[in-house]
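Have a look, then read on.

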Protein chains: 4
Amino acid sequence: MSAPQRYVLTFGCPDRTGIIARISGFLADHGGMIVEAAYHTDPDSSWFFTRQVVLAESLPFDVAGLHDRFGVVARELSAESSWQVFDTGERPRAVVLVSKAGHCLYDLLGRVASGELDVDIAAVISNHEALADITRAHGIPFHHVPFPAGDADGKAAAFAEVRKLVDEHDPHAIVLARFMQVLPAELCEAWAGRALNIHHSFLPSFIGAKPYHQAHVRGVKIVGATCHYVTADLDAGPIVEQDVIRVDHGDSVDDLVRKGRDIEKVTLARGLRWHLEGRVLVHGNRTVVF
Amino acid sequence: MSAPQRYVLTFGCPDRTGIIARISGFLADHGGMIVEAAYHTDPDSSWFFTRQVVLAESLPFDVAGLHDRFGVVARELSAESSWQVFDTGERPRAVVLVSKAGHCLYDLLGRVASGELDVDIAAVISNHEALADITRAHGIPFHHVPFPAGDADGKAAAFAEVRKLVDEHDPHAIVLARFMQVLPAELCEAWAGRALNIHHSFLPSFIGAKPYHQAHVRGVKIVGATCHYVTADLDAGPIVEQDVIRVDHGDSVDDLVRKGRDIEKVTLARGLRWHLEGRVLVHGNRTVVF
Amino acid sequence: MSAPQRYVLTFGCPDRTGIIARISGFLADHGGMIVEAAYHTDPDSSWFFTRQVVLAESLPFDVAGLHDRFGVVARELSAESSWQVFDTGERPRAVVLVSKAGHCLYDLLGRVASGELDVDIAAVISNHEALADITRAHGIPFHHVPFPAGDADGKAAAFAEVRKLVDEHDPHAIVLARFMQVLPAELCEAWAGRALNIHHSFLPSFIGAKPYHQAHVRGVKIVGATCHYVTADLDAGPIVEQDVIRVDHGDSVDDLVRKGRDIEKVTLARGLRWHLEGRVLVHGNRTVVF
Amino acid sequence: MSAPQRYVLTFGCPDRTGIIARISGFLADHGGMIVEAAYHTDPDSSWFFTRQVVLAESLPFDVAGLHDRFGVVARELSAESSWQVFDTGERPRAVVLVSKAGHCLYDLLGRVASGELDVDIAAVISNHEALADITRAHGIPFHHVPFPAGDADGKAAAFAEVRKLVDEHDPHAIVLARFMQVLPAELCEAWAGRALNIHHSFLPSFIGAKPYHQAHVRGVKIVGATCHYVTADLDAGPIVEQDVIRVDHGDSVDDLVRKGRDIEKVTLARGLRWHLEGRVLVHGNRTVVF
């Protein structure tokens with residue numbers, strides 16, 4: 001039933017002849033059985049990307065051994081720090097930040113509980129208490145960190161507290177599941193490549209506050225949601241996934257909100273799953289999703 | 001925030017000249033302020049359908065008074081029993097039947113808890129105990145009714161028990177949220193027009209068991225889900241809603257199951273919402289969804 | 001095979017009690033058999049909209065007679081100029097403006113030729129000659145009006161020529177099928193509510209030039225197209241229809257262009273069809289599409 | 001503007017360790033610059049698939065030389081006949097078979113004329129004359145081969161004539177663009193892997209005649225189209241692409257036909273493009289689409 005243990009390699013380097021041969025040759029030399037392989041070259045930047053999944057039992061070393069040995073290949077190909085290997089045998093950890101709107105949290109909890117999303121939610125942190133009970137009903141610690149409105153020092157202290165609570169889990173993903181507070185630049189920096197936000201519009205349309213209201217005023221016929229990595233530029237980070245749903249003149253703002261939530265939930269869940277499976281490679285402000 | 005009280009009229013009758021004038025004239029004569037109105041005529045059967053939503057406070061009588069007075073109009077138009085009025089001030093009740101797979105139940109519970117779906121889930125009934133805890137965490141009674149495999153009498157007794165548990169709530173909807181047991185004909189009859197099933201395929205493709213396996217074998221590029229009223233013919237009842245998701249050659253049966261679940265959830269939730277709002281009018285084996 | 005002759009009434013007025021009764025009562029009094037009816041009230045502006053389709057043979061007067069008689073009702077309901085009636089027996093006329101990219105024109109010509117789109121294309125006007133042959137092969141006059149780059153007077157003269165060529169057909173629709181020239185304000189004014197543009201992005205994302213390039217740089221996962229009425233504000237007119245298509249990291253700008261074209265074609269064709277059938281009611285900068 | 005010349009390798013063999021290393025090693029040894037690479041292993045059949053695209057100028061031999069040299073690798077990997085190489089410098093040829101409905105033909109002709117679809121349409125063959133003029137306006141030979149209804153011998157003779165007309169072009173694709181005649185088994189055999197059909201339903205729903213009528217009777221909420229390879233089993237060949245469009249109770253059969261045509265056109269065009277680009281690898285009754 002459960003998939004066999006695998007090692008996942010994600011890798012980027014300047015493009016040139018022979019990269020695939022070098023990497024697959026390395027794996028073949030050690031008996032590695034590749035069960036998934038994806039490649040992409042970005043012609044604009046001449047950058048090469050790959051993700052390889054190898055059966056753990058086919059290799060004569062563990063994931064640390066693979067890391068050591070593959071490091072030689074990576075240096076040869078000038079990959080510098082743009083590669084990693086991880087072991088699917090280690091269950092990833094996520095911390096979820098929420099505000100009052102619970103639809104994304106309910107959805108994530110349901111997916112974990114029903115075995116659809118393979119992640120340990122180590123903690124849920126919120127500036128409100130509305131979602132404490134459901135979180136704890138799933139056996140997950142809930143932390144309430146109030147964010148005093150209009151009090152810059154208080155907010156900074158709150159973010160420091162959030163950071164402490166998050167960092168003690170060293171999570172693979174920090175999920176802003178409709179958190180509604182703009183992360184300070186130093187947290188964007190500290191969590192770069194790990195913090196995923198769900199924005200309730202089809203970016204770059206309707207950046208910022210109240211996107212469904214903006215969409216209603218503009219009279220669009222489709223609304224969307226965007227899962228992206230958090231960067232210091234609001235709603236401008238690398239996009240992981242987007243999806244949309246059709247609306248019409250009969251839909252009030254409340255209807256847009258309701259229909260949009262269905263899209264927010266699946267878009268965030270897909271983005272998070274792909275992130276955790278090492279399918280998302282960031283390059284500049286764009287992503288490759290294998 | 002909450003919508004004002006409204007009366008919803010759903011109505012069908014043989015088509016002829018002047019029906020809209022008669023109904024809207026009746027409402028206007030009593031000062032009724034129509035806030036939603038939809039009409040359809042089926043040219044094949046020459047059958048007329050309408051759904052009207054009227055502000056309660058604009059009428060000088062309550063829903064029972066509206067029913068009495070409108071009955072005269074309905075008889076005039078030969079509508080017989082194919083019409084009803086209900087009051088949005090009365091919160092509808094649903095009973096949910098599930099088996100072991102929890103994704104649809106988690107989804108429904110999350111929607112109710114976050115205020116997206118306006119229904120009282122009066123009870124959850126299951127042939128397994130897997131979903132007891134989450135149900136009770138939401139403050140909803142859970143009933144375990146075992147279905148003995150291969151024991152016709154035992155099954156009949158189990159269905160009798162289910163029927164008793166359901167009927168004592170006189171629910172507006174009986175939701176088969178991946179119940180996996182085929183309802184006997186007498187229950188289909190008793191719950192006609194109230195029992196909604198979610199089938200995990202794009203019907204009429206892949207009727208019956210293991211539709212995702214069937215889809216994988218056939219090599220389809222899209223899978224779907226269908227919300228339909230339960231009838232004595234398996235998976236052949238009137239379709240309320242369908243939706244689909246793209247798959248590809250890289251998707252295993254397990255991937256189809258996982259992707260399909262996202263579609264099952266939204267398709268069931270939309271179908272249930274529309275049913276509860278009186279948007280679904282059944283005519284023969286087809287539905288009008290206003 | 002062909003649908004019977006019908007009169008189409010589109011109507012908007014301030015909302016109040018009894019509008020539907022008044023309009024449908026008027027039609028019923030004259031024996032009018034309604035075959036399609038749609039209603040909408042915009043709660044923000046308290047504006048009421050309807051579209052009614054009546055069998056011509058069921059009324060004792062022609063469309064001019066209907067217009068005269070219904071005018072009394074319209075005045076009573078303070079509709080002023082926001083209503084019209086037309087006769088489906090009169091085939092509508094369109095003039096199409098194009099530049100070099102032919103995909104939308106090929107699509108429209110194919111739809112007309114295969115009987116999918118019920119319109120006479122009275123003329124095609126272009127600032128290039130690339131599409132002259134295919135236009136004439138369909139038996140449609142083609143006019144080449146050069147637009148001298150960087151010559152404001154020359155452009156003004158060209159637009160004057162275009163206007164003359166268009167206006168002599170008094171068309172129901174002026175279709176900018178990737179015309180690539182910004183209409184001057186006086187043409188936007190003269191053709192208000194009749195000039196439809198297809199913009200090759202999901203507005204309001206990527207307004208202006210080279211939207212597919214902008215989309216590629218931003219790394220979006222979906223691209224779209226928008227059919228809207230032309231107004232003096234570039235790409236900001238009332239939206240009639242939008243559609244989208246999924247793209248991924250493997251798609252170059254050329255791939256986005258190619259995939260986007262499939263969406264441009266159907267979005268423009270749907271918008272044009274709905275416009276010609278009187279399904280699109282404009283109110284402020286939003287549309288009701290019945 | 002135009003892409004540089006490339007060689008495309010498509011390849012399938014029993015899965016084992018080291019296949020990617022062997023193939024990419026072969027290419028690297030000769031200096032081959034890979035610009036696209038895709039891999040898939042089917043776990044059910046343990047069959048490995050790949051498609052590689054190499055810059056022609058990076059290799060020291062032409063496509064025949066590549067074929068000869070790679071043949072050694074293919075034999076080593078037990079690929080037998082399940083591989084090929086082709087040169088993007090050779091423009092592929094297609095023959096299109098049509099009946100009376102022209103929408104797919106119009107669409108294909110428009111795509112070729114506007115440079116979207118890189119194929120020479122060598123001939124159009126039809127059992128009616130309706131589409132002769134538009135075909136010839138595009139400078140393409142049109143052959144009228146009448147199919148006498150209810151005359152088995154006459155039909156056999158007609159198919160023999162069609163076969164002769166097709167085979168003299170030795171086309172890379174034989175496109176049944178709503179041809180409406182069931183190919184005899186010997187033609188399915190002769191054109192195996194080259195004959196693409198567009199079926200106007202979401203297979204396996206509504207196999208056979210009048211699928212839109214079947215869909216209307218069943219009351220589905222979505223209709224679709226399927227592009228598949230033609231086999232001796234009617235509408236049961238390997239599926240290349242499917243797409244769908246939403247419909248509702250207001251849609252007559254004619255509306256389903258019209259809406260469905262938009263899906264037929266894009267589904268066929270995508271399937272044909274992928275086929276011509278060597279993206280479709282058939283294995284049993286399923287396809288891998290790279």
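## Ground rules

Helices (H or I, at least four residues) and strands (E, at least two) are DSSP runs, numbered from the N terminus. This is a predicted model, where local features need pLDDT of at least 70 and side-chain atom pairs count only at pLDDT 80 or more, while totals for chains, interfaces and linings use all residues. Residues are numbered from 1 along each chain as its sequence is written, chains are lettered from A and ligands numbered from 1 in the order in which they are written, and side-chain values use heavy atoms, with hydrogens and water left out.

Let's start with the cis peptides. C:L203 and C:P204 are joined by one, with omega about 5°, and C:P204 sits in the loop between β9 (195-199) and α7 (211-218) of chain C. In chain A, the bond from A:L203 to A:P204 is cis too, with omega near 5°; A:P204 lies in the loop between β9 (195-199) and α7 (211-218) of chain A.

Then there's phi. A:R178 isn't a glycine, yet its phi is positive, near 65°. You'll find A:R178 in the loop between β8 and α6 of chain A, and it is buried at 11% relative accessible area (buried means under 20%, exposed over 50%, partly exposed in between, with a 1.4 Å probe and protein chains only).

## The annotated aspartate

UniProt, in an unreviewed entry, lists A:D235 under "active site"; positions there are given in the numbering used here, feature names are shortened, and annotations may be inferred rather than shown by experiment. A:D235 is in the loop between β10 (222-229) and β11 (239-246) of chain A and is buried, with a relative accessible area of 8%.

Who does A:D235 touch? Leaving out residues up to four places away in sequence, its contacts (heavy atoms within 4.5 Å) include A:L203, A:H228 and, from another chain, C:R218. A:H199 is also on the list.

## Rings

Rings of Phe, Tyr and Trp (its six-membered ring) pair if their centres lie within 6.5 Å; planes under 30 degrees apart count as stacked, over 60 as edge-to-face and the rest as tilted. That rule gives 32 aromatic pairs over all chains. In one of them, A:F147 and A:F179 have ring centres 5.8 Å apart and planes at 85°, so the pair is edge-to-face. The two residues are 32 apart in the chain, and both are buried.
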